[in-house]
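Hello,

Please find the structure below.

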Amino acid sequence: MSDDRLIVALDVPNILDGMKVAENIGDTVSFYKIGLGMLTGGGFALANELKQEFGKKIFLDMKFFDIGATVQKAVAGIAAHDLDFLTVHGDPYVVEAAVAGRGDSNLKILAVTILTSLDRNDMDRAMIIDGDTQTLVVERARRALEAGADGVICSPQEAAMIRALPVAAGKLIVTPGVRPANADKGDQKRIATPAQAISDGADHIVVGRPIWQAANPKEAAQVVLDDMARAPQINSTFAK
């Protein structure tokens with residue numbers, strides 16, 4: 001049985017490329033992320049095919065951010081497809097609308113704190129309130145969880161601090177920005193190895209390019225799984 005703490009991001013151009021990667025990896029991976037960049041390339045169809053035909057878990061990474069009524073309607077539509085995770089921005093009103101939209105479905109609403117590709121200079125340019133990145137991430141996580149989010153998206157560098165929040169008990173922490181040792185950082189600025197992310201309290205790690213860009217994605221996924229297995233699973237929020 002594969003370890004679904006690893007979520008492979010299929011950040012590829014279209015459904016054909018995504019299915020090719022998934023078929024190459026086979027049973028080694030059971031959880032996939034499909035994001036906004038693949039939406040016009042058949043991403044939603046791929047999500048449904050991987051879920052319904054192959055029994056994979058699906059993380060739909062849409063990062064919804066709009067007025068509450070629009071977010072609620074959009075989430076209600078996605079909840080009807082029996083997917084597993086969905087991201088929205090961590091603003092409390094957005095989270096509340098998403099939770100209302102998913103109704104009594106099993107869809108988990110994950111709140112984005114601050115993107116792992118951003119640093120303080122990026123936030124200054126965007127006129128985000130002063131403060132160090134980690135402090136702002138933890139505070140946004142706290143507010144999102146209080147608003148009803150099932151979990152948060154944060155970099156591995158903030159996972160331990162968020163896990164320590166009383167409101168984070170029983171909640172999911174999902175960390176992108178994870179790279180095997182010696183892998184290219186790409187556009188990620190706040191990163192850690194798979195073992196470190198799990199040790200710091202992440203329930204799931206998201207790895208994309210180091211796997212799907214590899215000559216052999218299955219072998220690359222196994223490298224991540226092997227590294228992740230070296231860390232104790234100090235948190236088990238939901239049955240895997």
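Which side chain meets that of Lys63 in a salt bridge? It is the side chain of Asp61, at 2.7 Å from N to O. A salt bridge here is a side-chain nitrogen of Lys or Arg within 4 Å of a carboxyl oxygen of Asp or Glu.

Before the rest, some notes on the source. This is a predicted model, in which local features need pLDDT of at least 70, side-chain atom pairs count only at pLDDT 80 or more, and totals for chains, interfaces and linings use all residues. Residues are numbered from 1 along each chain as its sequence is written, and side-chain values use heavy atoms, with hydrogens and water left out.

Salt bridges

Side chains of opposite charge can pair when their charged atoms come close. By the rule above, the model has 14 salt bridges. One of them joins the side chains of Lys33 and Asp61, with 3.0 Å from N to O. Lys33 belongs to strand E2 (residues 31–35) and Asp61 to strand E3 (residues 57–64), so this pair ties together parts that are 28 residues apart in sequence. Helices (H or I, at least four residues) and strands (E, at least two) are DSSP runs, numbered from the N terminus.

Both partners are buried: Lys33 has a relative accessible area of 9%, and Asp61 has one of 8%. Buried means under 20% relative accessible area, exposed means over 50%, and partly exposed is in between (1.4 Å probe, protein chains only).

Another salt bridge links Arg120 and Asp124, whose closest N and O atoms are 2.9 Å apart. These two residues are four apart in helix H5 (residues 120–125), which means that about one helical turn separates them. Asp124 is partly exposed, at 42% relative accessibility. Elsewhere, salt bridges with shared partners join Asp11, Lys33, Asp61 and Lys63 into one network.

How many residues of strand E5 are buried? Four of the five residues in E5 (residues 108–112) are, so the strand is largely enclosed by the rest of the structure. E5 pairs with strand E4 (residues 85–89) in the parallel sense, over five bridges. Two strands pair if DSSP finds at least two bridges between them. Leu110 in E5 is the bridge partner of Thr87.

From E4 the chain crosses through helix H4 (residues 92–102) to E5, a β-α-β crossover that is right-handed. Right-handed means that, with the strands pointing away from the viewer, the path from the first strand over the helix to the second runs clockwise.

E5 and E6 also run parallel, joined by three bridges. There, Ala111 stands opposite Val152 in E6.

Single residues

Ser155 sits in the loop between strand E6 (151–153) and helix H7 (156–163). Ser155 is buried, at 0% relative accessibility. Its side chain makes a polar contact of 2.7 Å with the side chain of Glu158. A polar contact is a pair of N or O atoms within 3.5 Å; within protein, one must be able to donate a hydrogen and the other to accept it, and residues adjacent in sequence count only if both atoms are side-chain atoms.

Lys63 is not a glycine, yet has a positive phi of about 50°. Lys63 lies in strand E3 and is partly exposed at 30%. Asp82, also not a glycine, has a positive phi of about 60°. Asp82 is in the loop between helix H3 (68–79) and E4, and is partly exposed at 44% relative accessibility.

Regards
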